[in-house]
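Thanks for coming. I will walk through a few features of one structure, so please have a look at it first.

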Amino acid sequence: MAESLRDRQKALVRQEIQRAALRLFAERGFDAVTTEEIAAAAGIGHSTYFRYVATKEDLLLGTLRRAGAAIVDNLRARPADESAEDALCRASLRWSRAFRADEEALGNWRTAIRAAPHLLDRVALIGPDDRARLVDLLADRMGARSADDIRPGLLVHTIMAAAEFAFLRWLEHDDPRGPTLHRLTEQAFEGTRTQCWKEPRRG
């Protein structure tokens, strides 16, 4: 109980640090903001700041860096009787649905990351290690060996490419009336399944 309370308190402090950082990043740009300024905006001392944050970059990119592990965990939790494709899509959609803070913080994050493309280039939605885990999990689900069968790897690469496309499209468009990241991801998966880029056959 005490440990759980401590963990919750730490999470709240880190959340406040991140909110303050995102607000400053959105206003002035990532590179112009110092860790001292972030700590002051969060109402904590500079030495306390480093107990909660390893690097300033992680305040901006940490959510993406953890995306792959979250999708892997989501896939492990999917029912065993789901098809490989359904399980992977739903595992990814659970992440996109969870990728929502309050609207102000999310808007600040998008503004900040769009102003720092050199940072976005350093991280992918799915890193190579997590991608390999997804392939192995799908291979088990399909009763296949990923070393001999291209289907698990091809499915992971196809679905994750669609998810990354949806994320980049969401990042580029900041119309508040536009679709959410979750909705764009749903559309991307549906388009992949139906191969929506093909022209309908005539006759």
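Leaving aside its neighbours within four places in sequence, which residues is N74 in contact with? This is a predicted model, so keep that in mind throughout. The contacts of N74 are A91, R94 and W95, once the neighbours within four places in sequence are set aside. N74 itself sits in helix 5, residues 67–76. Its relative accessible area is 11%, so N74 is buried.

Next, helix 6. This helix runs over residues 84–98, which is 15 residues. From its first C-alpha to its last, helix 6 reaches 21 Å, close to the 21 Å expected at 1.5 Å a residue. Its buried residues are A84, A87, L88, C89, A91, S92, L93, W95 and S96. What covers them? The cover for the buried residues of helix 6 includes helix 4 and helix 5, along with helix 9 (128–142), helix 10 (151–172) and helix 11 (181–194).

Helix 4 is worth a stop of its own. Why is helix 4, residues 56–65, described as largely enclosed by the rest of the structure? Because eight of its ten residues are buried. Those are K56, E57, D58, L59, L60, L61, G62 and L64.

Now the cysteines. A disulfide is a covalent bond between the sulfur atoms of two cysteines. How many disulfides does a search of the whole structure find? The count is zero. Take C89, which is buried at 3% relative accessibility. The closest cysteine sulfur to that of C89 is in C196, 13 Å away, and that is too far for a bond; the cut-off for a disulfide is 2.5 Å between the sulfur atoms. Seen from the other end, the sulfur of C196 has C89 as its closest cysteine partner, again at 13 Å and too far for a bond. C196 has a relative accessible area of 55%, so C196 is exposed.

Last, the empty space. Rolling a probe the size of a water molecule over the atoms shows where empty space is left. The count comes to one cavity of 30 Å³ or more. The largest cavity has a volume of about 50 Å³. Its lining consists of I71, S92, W95, S96, L125, A163, F167, L181 and T185. By type, six of these are nonpolar, three are polar and none is charged. Which helix supplies the largest share of that lining? Helix 6 does, with three residues. Helix 6, helix 10 and helix 11 each supply at least two.

Key: Residues numbered from 1 in each chain as written. Predicted model: local features only at pLDDT ≥ 70, side-chain atom pairs only at ≥ 80, totals over all residues. Heavy atoms only, no water. Buried < 20%, exposed > 50% of the residue type's maximum accessible area, 1.4 Å probe, protein only. Helix = DSSP H or I, 4+ residues; strand = E, 2+ residues; numbered from the N terminus. Contact = heavy atoms within 4.5 Å. Expected span 1.5 Å × (residues − 1). 1 Å grid on protein atoms, 1.4 Å probe; cavity = no way out; pocket = protein on both sides within 12 Å on 5 of 7 lines; lining within 4 Å. Points joined across faces, edges and corners; volume = space filled by probe spheres on them. Nonpolar A, V, L, I, M, F, W, Y, C, P; charged D, E, K, R; others polar.
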